[in-house]
Amino acid sequence: MAGDLLVVEDLRVYFPLYRSLLERLLGRPYKIVRAVDGVSFTLGRREVLAVVGESGSGKTTLGKAILGLVKPVSGRILFDGVDLARAKGGEARRVRRRISAVFQDPYKSLDPLMPVGEQVAEPLLIHRMAGRSEARRMAMEMLEKVGLTPASEFYWRRPHQLSGGQRQRVAIARALITQPDLIVADEPVSMIDVSLRASILELLESARRELGVSVILITHDIATARVIADTVAVMYLGRIVEYGPIDAVVEDPRHPYTAALVTSTPSISRRRPPRFPVKGEIGDPANPPPGCRFHPRCPLALEECRRVEPPSASDSGRTYWCLNPLGPGGLWRGVEA
Amino acid sequence: MAETIISVRGLKVYYYTLSGVVRAVDGVDLDIARGEWVTIVGESGSGKSTLALSMMGLVLPPGRIVGGSVLFDGVDLTKLSGEELRRLRGKRIGVIFQDPSAYLDPLRTVGSQIAEAVLEHGVASSESDAWRIAEEALEIVGVPASRARAYPHQLSGGQRQRVAIAAAIALNPDVLIADEPTTALDVVVQARIIELLKGLQRRRGLTIVMVTHDIALAGEVSDRIAVMYSGRVVEWGSAERVIGSPLHPYTRLLIDSVPDLWSRRKVRSIPGEPPDPRRPPSGCRFHPRCPLAVEECRSRQPPRVSAADGWAECFFAGEAGGGR
Amino acid sequence: MEGGLFSRLMGVVAGLVRGPGGLMTATGLAIITMFALVAIAAPWIAPYPPDVRPPGAGLLEPPSLRHPFGTNDLGYDVFSRIVWGARVVLKVVLLSSLMSMAVGVPLGLISGYYGGPLDRLLSMVMDSLYAFPGIIMAIAVASVLGPSTFNAAVALMVVYVPTYYRMTRARVLELKNEPFIEALQAMGAPGWVILVRHILPNAAPTILVVFGLASADAILTEAGLSFFGLVAVYPQPDWGLDLYYGKNYLLDGAWWLVFFPGASILLLALGFALLGEGLSERFRVRGGSYG
Ligand SMILES: Nc1ncnc2c1ncn2[C@@H]1O[C@H](COP(=O)(O)OP(=O)(O)OP(=O)(O)O)[C@@H](O)[C@H]1O
Ligand SMILES: Nc1ncnc2c1ncn2[C@@H]1O[C@H](COP(=O)(O)OP(=O)(O)OP(=O)(O)O)[C@@H](O)[C@H]1O
Ligand SMILES: [Mg+2]
Ligand SMILES: [Mg+2]
């Protein structure tokens, strides 16, 4: 679609797996981890897309591919119509500065030696968007905006003089200062004190509201995702298994893994569906099962799920990849284990 | 109420560090009944782990118990020798941690590690008995007995945590202390581990003391909840009551700050930052962040206000302001 | 900004001296400073010229009030020779350390950060240089270049470049995996910005430690060079050279001819070694990211 900010088409990112010396001597072939294995989606302007899924399902790798930190083996990433893999020189730099990142660990994602204000100003200098004094002034303003006041004092602090929540605010200020169109936020709250997480989410939300940025929010916690996301992509072993408006996907999922995910999430709400039972431990992306990758754990698996890769299907706005999906309202009726 | 198995009285555990004295646990009283599931919740650094581990007499240096007592089945753990404590642990009180790899020996099969503990504590008399008990324990936690000959690295994170639980329950303890047992696990795996623990509690009458920062998880599984803030238990009561009508403003704000998947209420962070445990605020330690705070909160430690099934340490606990 | 350069420098020093390993750092700095002051103030400290026999001085006089370190076979005052000799050794060692750093650190940064064929080539060259015994290589290079302080410094530089290179490269490999570097890459920062503004400052403590330890080693190697006459020419004052000529009189009981130059060499080397060890203690304790 013309209006979409980001289009990801059949993206694949593989990593070679470490082989022991013995395995090498025996001439065993390279094993590969199919961290992201055929992912497609589109992201609109001002849209917040949550990417949720099991540990090791490839969420972080997907984010890194969009940020240009890992190289896909195939597939395309179109940002505002520009193919990120093909863009060169000036065009590449112009596109790159419209994409920012916020990482999980606020203790490690800032340079320990540099005053935090300088780090917020740095993207402006890197992209030659402002001179030194102008950059400093804008960084002060941005620190103010993310709630680090008085900014003139925070500007000169080093990361170790800030709390985890404050550091994450610095990271967000740094991400916003170039006025990007897209922020990729990988687990931005999972290392923050629970009582402070909401304010970090609120910062991202207001960036969307006031600055019109789109956000890809990578998280393992679908409850966090539901706070600010419009759409959700549920990943399992390198693939998206269900995709759609987050309310629809959470309340009335089609894919059994989504059902397991939402019903396993702890909740103190009275109104909640019964637990959807799954077997086994988490999947291994180095040895994905044939057919539907979820079939060994799925209580609804059919014989053909072992052989056939499920095609995509759509149902009232959501897309899912499953041969034997839950019906409408199926989540609330429960399943016999 | 059932018989009390652990009774904590006026407990103070301080860490003597180079940068000052950390009052990790600073005057805590709790009574834990046999067979119940108690969860300690609170923010990072509030002293949850320190409190839970001191319930089995485990205080790591530079920490010291500087006051109070911990009665386990009537015996004061703070007065026992290291050897007596060691025998008590494992045999009567088991423990599991967030990262099971930290105490599983990577070079030995998981079965032999469990069997060894079983022999050492005299639960079995022969090696073959011990091995049989180890295999049974693994079956109970849902690890096939054939996996007893696997090395830790051959198991997934969830399976390793199951092995850790198996090692703890093989000795048939009365109490299991679980410090963030599922924090490192995926939610779907977490749900199954929690179900497993719940089953053990029901079927064997195991007493469980769990530590977590996830108040929704606490609300789901526990019988009673202790809410910690800056070294003190500020609220104590049945899970239903603590979650449903919290007495302490901190509890209420904490619940309101975490998103819940099934209710679309707005989440709001608690203003301010958690206090520095080396310099806790005067009076009520929550007062700098509390919307209800008055002058008195600054200067005086609030009294313990009792409710039907517990209490809260707040001047306003009895009034509408504290509840919902 | 806050205060002058001097007071800021003193602030840094005070910080180093107070932290862990501070006693070692402080002792090392004190020893080095003492020798540096002696070298700078040599004309005022030395009671006699180093290469002239003072009037009334005997040959091979044992230490006395007039000649605290005695006199040598030509009647020169040993104390004055030690004082002037400090200039030579400090000049050679500091010059060589700075040159090794100037070559080894940038190569280590580039090699570690960019990797690839250049990294493999450089690593191979440096490893083979490193495998040579330092003193033999220094002698080989210095003999080719001929005796002079500058040539000696160049010879020492060749010996210690691989040390700076390897340590810098190792630290860069560590830092390269830190999320804050990844964050910079994600924002499209060019390699040189990341290297100069972020990796170099974070690698600086490691480089300082190497500076201390490698300089300590370089002092011993320098002594070897000057022992073989590859730094200075007699009668220029030079510790290693004095050691060489002094050893001939050891059997005659003139112990002071070797003791004072030898002790000076060891003490100065100890100063640098303590500085290096103290710093490494200090920075290790503060953890990987020095946060
Ligand atoms: N640089 C790498 N080299 C080799 N394998 C990798 C690399 N990065 C990731 N992987 C593997 O790719 C798979 C997907 O990893 P990824 O980090 O994307 O998962 P994730 O969904 O973010 O998981 P988590 O929730 O644990 O963060 C994992 O099996 C991981 O081990
Ligand atoms: N071994 C130790 N040495 C010094 N201080 C310690 C030690 N262990 C804990 N502390 C301090 O004691 C306080 C309470 O720590 P504790 O681990 O009990 O908290 P917690 O509530 O379990 O936190 P978390 O959720 O992060 O695990 C913290 O401020 C912590 O820094
Ligand atoms: Mg991840
Ligand atoms: Mg803890």
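Reader: How many residues does chain A give to the contact with chain B?

Author: The model is predicted, and totals for interfaces use all residues. Chain B and chain A bury about 3,400 Å² between them, with 58% of that area on carbon and sulfur atoms. Chain B brings 41 residues to the contact, and the number from chain A is 42.

Reader: Which element supplies the largest share of the side of chain B that touches chain A?

Author: In chain B, α5 (157-169), α6 (187-204), α7 (215-221) and α9 (249-257) each supply at least two residues of the side that touches chain A. The residues of that side divide into 17 nonpolar, 11 polar and 13 charged. The largest share is 7 residues, and it comes from α6(B).

Reader: Which element gives the largest share of the lining of the second largest pocket?

Author: The second largest pocket has a volume of about 840 Å³. Its lining consists of 36 residues, and A:Gly68, A:Leu84, A:Ala92, A:Arg93 and A:Arg96 lie nearest the centre. Elements giving two or more residues to this lining are α2 (59-67), β4 (74-79), α3 (89-96) and α4 (116-126) of chain A, together with α9 (191-227) of chain C. The largest share, 7 residues, comes from α3(A).

Reader: Which element gives the largest share of the lining of the largest cavity?

Author: The whole structure holds 7 cavities of 30 Å³ or more, and the largest cavity contains about 120 Å³ of space. Among the 13 residues that line the largest cavity, A:Ile99, A:Ser100, A:Ala101, A:Arg174 and C:Met187 lie nearest its centre. The largest share of this lining is 3 residues, from β6(A).

Reader: How many charged residues line the second largest cavity?

Author: About 80 Å³ of space lies in the second largest cavity. Its lining includes C:Asp73, C:Arg81 and C:Asp242. By class, the lining of the second largest cavity has 4 nonpolar and 2 polar residues, and the number of charged residues is 3.

How values were computed. Residues are numbered from 1 along each chain as its sequence is written. Chains are lettered from A and ligands numbered from 1 in the order in which they are written. This is a predicted model: local features need pLDDT of at least 70, side-chain atom pairs count only at pLDDT 80 or more; totals for chains, interfaces and linings use all residues. Side-chain values use heavy atoms; hydrogens and water are left out. Contact means heavy atoms within 4.5 Å. Buried area is the accessible area (1.4 Å probe) that two parts lose on being put together, summed over both. Helices (H or I, at least four residues) and strands (E, at least two) are DSSP runs, numbered from the N terminus. Ala, Val, Leu, Ile, Met, Phe, Trp, Tyr, Cys and Pro count as nonpolar, Asp, Glu, Lys and Arg as charged, and the others, Gly among them, as polar. On a 1 Å grid over the protein atoms alone, a cavity is a set of points where a 1.4 Å probe fits but cannot get out, and a pocket is an open set with protein on both sides within 12 Å along at least five of seven lines; lining residues have an atom within 4 Å of a point. Grid points are joined across faces, edges and corners, and a volume is the space filled by probe spheres set on the points.
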